[in-house]
Amino acid sequence: LYQSDPSGNYSGWKATVIGANNQAGKSILKSDYQKDDDEANIPNVEQALRLAVKVLNKTMDGTGASASEKMELFTMTLDDDKNVKQTI
């Protein structure tokens, strides 16, 4: 992931959080995201979504049902035939 600020400076990240409460989200990522460069340790889609939902639950305004109503997840992956598979 690359993040750029209005001045044009950019930074590269394996995982990051932007917006309100970003420090709380970054703290969760630091503790829960495995930073190994070994490709075998890259999280699969389900693990990545679980971590994303955990970060969103801790950082979004509102709690309980209201928070889940504000959340929608989308994934785009390749199937075995290299066709794009989209899931909401």
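Okay, the core first. The largest nonpolar core in this predicted model has 6 residues: Val17, Ile28, Leu29, Tyr33, Leu51 and Val55. By nonpolar core I mean a set of buried Ala, Val, Leu, Ile, Met, Phe, Trp, Tyr and Cys residues joined through side-chain atoms within 4.5 Å. Buried is under 20% relative accessible area, exposed is over 50%, and partly exposed is in between, with a 1.4 Å probe and protein chains only. Two helices, α1 (22-32) and α2 (45-59), each give at least two residues to this core. As a general point, nonpolar side chains in soluble globular proteins tend to be buried together.

Take Val55 as a way in. Setting aside neighbours within four places in sequence, Val55 is in contact with Val17, Gly25, Ile28 and Leu29, where contact means heavy atoms within 4.5 Å.

A word on ground rules. Residues are numbered from 1 along each chain as its sequence is written, and side-chain values use heavy atoms, with hydrogens and water left out. The model being predicted, local features need pLDDT of at least 70 and side-chain atom pairs count only at pLDDT 80 or more, while totals for chains, interfaces and linings use all residues.

Now let's zoom out. The protein has 3 helices and 4 strands, and along the sequence they run β-β-α-α-α-β-β. Those are DSSP runs numbered from the N terminus: helices are H or I with at least four residues, strands are E with at least two. How much of the protein is buried? Of the 88 residues, 11% are. The exposed surface comes to about 7300 Å², with carbon and sulfur atoms supplying 49% of it; that area is from the Shrake-Rupley method with a 1.4 Å probe, and for residues only the protein chains shown count as cover. And if you take contacts between residues at least 6 apart in sequence, 20% of them join residues at least 24 apart.

Back to the helices, and to the end of α2. Thr59 sits in helix α2, and Thr59 counts as buried because its relative accessibility is 9%. What does Thr59 touch, not counting residues up to four places away in sequence? Asn21, Ala24 and Gly25. Thr59 and Asn21 are 38 residues apart in sequence, yet their C-alphas are 5.5 Å apart in space. Asn21 itself lies in the loop between β2 (10-12) and α1. Asn21 is partly exposed, at 39% relative accessible area, and has a positive phi, near 60 degrees, in a residue other than glycine.

Lys82 also has a positive phi, about 65 degrees, although it is not a glycine. You'll find Lys82 in the loop between β3 and β4 (84-87), and it's exposed, at 62%.

While we're over there, look at Thr75, in strand β3 (residues 75-78). Is Thr75 buried or exposed? Buried, at 17% relative accessibility. Leaving out residues up to four places away in sequence, Thr75 touches Val45, Leu49, Lys85, Gln86 and Thr87.

Next, charges. Side chains of opposite charge can pair when their charged atoms come close. The count here is 2 salt bridges, a salt bridge being a side-chain nitrogen of Lys or Arg within 4 Å of a carboxyl oxygen of Asp or Glu. One is Lys54 with Asp32, the closest N and O atoms being 2.4 Å apart. That pair links distant parts of the chain, with Lys54 in helix α2 and Asp32 in helix α1, 22 residues apart. Lys54 is partly exposed at 37%, and Asp32 is partly exposed at 29%.

Then there's Glu46 with Arg50, where the closest N and O atoms are 2.9 Å apart. Why is the separation of Glu46 and Arg50 about one helical turn? Because they are 4 residues apart in helix α2. Arg50 is exposed, at 58%.

Last, the rings. There's 1 aromatic pair, and it's Tyr2 with Tyr10: edge-to-face, 6.3 Å centre to centre, 65 degrees between the planes. For that, rings of Phe, Tyr and Trp (its six-membered ring) pair if their centres lie within 6.5 Å; planes under 30 degrees apart are stacked, over 60 edge-to-face, the rest tilted. Tyr2 is exposed at 70%, and Tyr10 is exposed at 62%.

One more ring: Lys26 lies over the face of Trp13, 5.6 Å from the ring centre. The rule there is NZ of Lys or CZ of Arg within 6 Å of the ring centre and within 35 degrees of the ring normal.
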